[in-house]
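Let's take a walk through this one together. Have the sequence and the 3D view open as you read.

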Amino acid sequence: MTYALEIKNLKKSFGNLEVIRGLSLTAKKGEVLCIIGSSGSGKSTLLRCVNLLDIPDSGEVYVNGELLKMKKDKKGKSIPAEQKQVDRIRSKLGMVFQSFNLWSHMTVLQNVIEAPIHVQKVDKELARKNGYLLLEKVGIAEKADQYPSSLSGGQQQRAAIARALAIKPDVMLFDEPTSSLDPELVGEVLKVMQSLAEEGRTMIIVTHEMGFAKEVSSKVIFLDQGRIEEEGTPSNFFNNPQTVRLKRFLATNL
Ligand code: ADP
Ligand code: MG
């Protein structure tokens with residue numbers, strides 16, 4: 001079978017700091033994987049290695065069955081073999097960051113239609129139409145012509161989700177999408193993410209929202225020092241943790 005995302009024995013170091021230490025995981029189409037773990041355990045690096053914002057040292061990443069081809073440069077460092085393939089694979093991945101990363105000089109709608117028009121060469125009118133639909137979906141259609149700075153954090157993050165959806169990605173990657181929000185704004189973003197999960201989108205979500213992870217995950221993964229320390233269905237994972245480290249983590253984070 002073809003996985004939406006498959007990672008095999010991924011390794012990544014920064015200097016002599018080993019951050020990802022032989023990590024493997026799979027996500028079937030429509031699955032929602034929530035990744036939890038302490039700060040510094042390698043969660044962001046893992047997501048960044050999937051869309052090559054960080055370059056893995058070794059291991060394999062497959063997106064919809066397509067292997068990201070790597071080669072060694074003159075110094076023996078691992079680099080992507082083909083920029084074309086990197087662009088193609090990135091266009092199948094929607095990424096949402098903790099810090100929204102909207103372009104401040106563009107309106108909300110312009111943010112959403114930028115990649116479809118300029119990267120995917122979608123017709124402008126069609127892109128605008130789709131853009132409005134996506135803003136409706138995340139509940140901020142009335143903000144289409146405003147600039148990001150006039151939106152609340154929750155609205156900005158929903159705009160960032162609409163922007164990530166606009167390229168029609170096969171897999172959505174979320175890196176702590178609610179961590180920089182005021183508590184009262186977290187719910188509106190989680191609600192949008194939950195509706196995406198219910199639509200059957202494949203999502204890999206790094207989060208500290210345990211209740212959310214329990215509710216929407218197909219599988220929960222506990223990352224510790226660059227390795228998967230424990231994984232399981234939400235009910236097993238939260239109600240019957242096996243490892244000392246996960247028990248300890250849950251005791252301080254639930
Ligand atoms: P998490 O997202 O789980 O908090 P990260 O993946 O951001 O963890 O970081 C894991 C470790 O890798 C940390 O010790 C961090 O300081 C280090 N790290 C991350 N990115 C870099 C980088 N570009 N250069 C050097 N060290 C990095
Ligand atoms: Mg992080």
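Which polar backbone atom is 3.0 Å from an oxygen atom of ligand 1? The answer is one belonging to glycine 42. Before going on, a few ground rules: this is a predicted model, where local features need pLDDT of at least 70 and side-chain atom pairs count only at pLDDT 80 or more, while totals for chains, interfaces and linings use all residues. Residues are numbered from 1 along each chain as its sequence is written, chains are lettered from A and ligands numbered from 1 in the order in which they are written, and side-chain values use heavy atoms, with hydrogens and water left out.

Back to the ligand. Serine 41 also has a backbone N or O atom by ligand 1, 3.2 Å from one of its oxygen atoms. Threonine 45 uses its side chain instead: a polar atom there lies 2.5 Å from a ligand 1 oxygen. These are polar contacts, meaning pairs of N or O atoms within 3.5 Å. The surroundings of ligand 1 include Phe14, Leu17, Val19, Gly40 and Lys43, each with a heavy atom within 4 Å of it.

Next, look for an open sheet of four strands, in the order S2-S1-S4-S5 with antiparallel pairing. Strands S2 (17-27) and S5 (66-67) sit at the edges with a single partner strand each, so one side of each has no neighbour in the sheet. Strands here are DSSP runs of E with at least two residues, helices are runs of H or I with at least four, and both are numbered from the N terminus. Two strands pair if DSSP finds at least two bridges between them. S4 (residues 58-63) and S5 are joined by two bridges and run antiparallel; valine 63 stands opposite glutamate 66 in S5. Helix H1 (residues 43-50) packs on the sheet, where it touches S1 (5-14), S2 and S4. Touching, or contact, means heavy atoms within 4.5 Å. The direction of H1 makes about 120 degrees with that of S1; such angles run from 0 to 180 degrees between N-to-C directions, using lines fitted to C-alpha atoms, for helices over the stretch in contact.

Now for the inside. The largest nonpolar core has 49 residues, and Leu135, Ile161, Met172 and Phe174 have the most contacts within it. A core like this is a set of buried Ala, Val, Leu, Ile, Met, Phe, Trp, Tyr and Cys residues joined through side-chain atoms within 4.5 Å. Buried means under 20% relative accessible area, with a 1.4 Å probe and protein chains only. Helix H6 (residues 183-198) gives the most to this core: eight residues. Another core, of 29 residues, lies apart from it and includes Ala4, Ile7, Val61 and Ile204.

A few single residues are worth a stop. Glutamine 157, in helix H5 (residues 153-166), counts as buried because its relative accessibility is 0%. Beyond its sequence neighbours within four places, glutamine 157 contacts Val96, Phe97, Gln98, Phe100, Pro177 and Val189.

Leucine 52, in the loop between H1 and S4, has a phi near 65 degrees, positive although the residue is not glycine. Glutamate 176 has a positive phi too, of about 45 degrees, and is found in the loop between strand S9 (171-175) and H6.

Finally, find phenylalanine 237 in helix H8 (residues 234-239). Phenylalanine 237 and lysine 72 are 39 Å apart in space, C-alpha to C-alpha.

Terms used
Buried means under 20% relative accessible area, exposed over 50%, partly exposed in between (1.4 Å probe, protein chains only). A polar contact is a pair of N or O atoms within 3.5 Å; within protein, one must be able to donate a hydrogen and the other to accept it, and residues adjacent in sequence count only if both atoms are side-chain atoms.
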